[in-house]
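Please consult the sequence and the structure alongside the text.

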Amino acid sequence: MSQYFAWFGLPGSFVLTCLISLLALVLALIFRTSDRFVAAGAMFICSVGDIFMMDWNGVDTKVTELTGFGFTGPVLFMIGHLMYFWAFMILLNRCGHRFLGDGTFYGLGICTMTFVIMTALFILRPDRDIPTYILGMIYLMVIGLTMLAVFSFTFAEGKWRLISAVGIMSFFLSDFIIGLNWLGGISEFDKYIWWLYPIGQILLLIGA
C-alpha cells in the first residue's frame with residue numbers, strides 16, 4: 001500500500017504514517033474525548049517508531065551509533081501500544097465493562113499460540129540472537145495486553161465497535177510477519193506488512 005503514497009519525493013511509508021497520525025488528530029478534535037486524545041498520542045508515537053524502523057534519513061542509524069541501542073523503533077511501538085491499552089481501558093471503564101470477558105480469553109489464546117510459534121522458530125534457527133528474542137517476547141506481551149483490552153471492549157460493545165478488533169488483529173498480523181523475519185529468518189511475507197499495518201491502525205482509531 002505504501003507505494004501509492006510516495007508523494008513529494010518522500011517514501012510512501014513516511015507519508016502514509018503521517019496521514020494516519022493526522023487522521024487520529026482529526027478524530028480526537030471532532031469527538032474531544034480522553035480516549036481519542038490518548039489514541040492520537042499512541043498513533044503519533046507509532047509514527048515516530050515508523051520513522052526509526054524505516055531509518056528515514058538515517059535517523060535510526062545515527063541514534064544507534066550514538067547510543068549503541070538498536071531497538072528504538074520497537075521500544076517506541078511498545079509505548080504506543082501501552083497508550084492504546086490506556087485508551088481502551090478508559091472506554092471499558094466509561095461503558096461499565098469488565099476487563100476480563102470473552103474477548104480476553106480469545107486474545108490470550110492468540111498470544112499463547114504466537115509465543116509457541118515464535119519460540120519454536122527461534123530454537124530452530126542456527127544463528128539465534130537471544131537479546132532479539134527477549135525483546136520480541138516483551139513486545140508480544142505488550143501488544144498482547146493491548147489486544148486483550150481491545151477485544152474486551154469491542155466484544156462487550158459489539159456492533160460497529162468490532163471494527164477495532166479487526167484493526168488490532170491486522171496490526172498484530174503485521175507484527176507477526178516482522179517476528180517471522182526477526183526470529184525465524186522468514187522474509188517472504190514482508191511485502192504484506194505495509195498493507196496490514198496501516199489498515200490495522202486506521203480501523204483501530206476509527207473504533208476507539
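**Salt bridges and backbone features**

Asp-127 and Arg-125 form a salt bridge, their closest N and O atoms lying 2.8 Å apart; the term denotes a side-chain nitrogen of Lys or Arg within 4 Å of a carboxyl oxygen of Asp or Glu. The model is predicted, so that local features need pLDDT of at least 70 and side-chain atom pairs count only at pLDDT 80 or more, whereas totals for chains, interfaces and linings use all residues. Residues are numbered from 1 along each chain as its sequence is written, and side-chain values use heavy atoms, with hydrogens and water left out.

The structure contains two salt bridges. Asp-35 takes part in one with Arg-94, where the closest N and O atoms are 2.8 Å apart. Asp-35 belongs to helix α2 (residues 34-53) and Arg-94 to helix α4 (residues 72-95), so this pair ties together parts that are 59 residues apart in sequence. Helices are DSSP runs (H or I, at least four residues), numbered from the N terminus. Asp-35 is buried at 2% relative accessibility, while Arg-94 is partly exposed at 46%. Here buried means under 20% relative accessible area, exposed over 50%, and partly exposed in between, with a 1.4 Å probe and protein chains only.

The backbone also deserves attention. Most residues other than glycine have a negative phi. Asp-55, although not a glycine, has a positive phi of about 55°. Asp-55 sits in the loop between α2 and α3 (59-67) and is partly exposed, with a relative accessible area of 27%. Lys-159, also not a glycine, has a positive phi of about 55°. Lys-159 is placed in the loop between α6 (130-157) and α7 (162-184), and at 75% relative accessibility Lys-159 is exposed.

Conventions
Helices (H or I, at least four residues) and strands (E, at least two) are DSSP runs, numbered from the N terminus.
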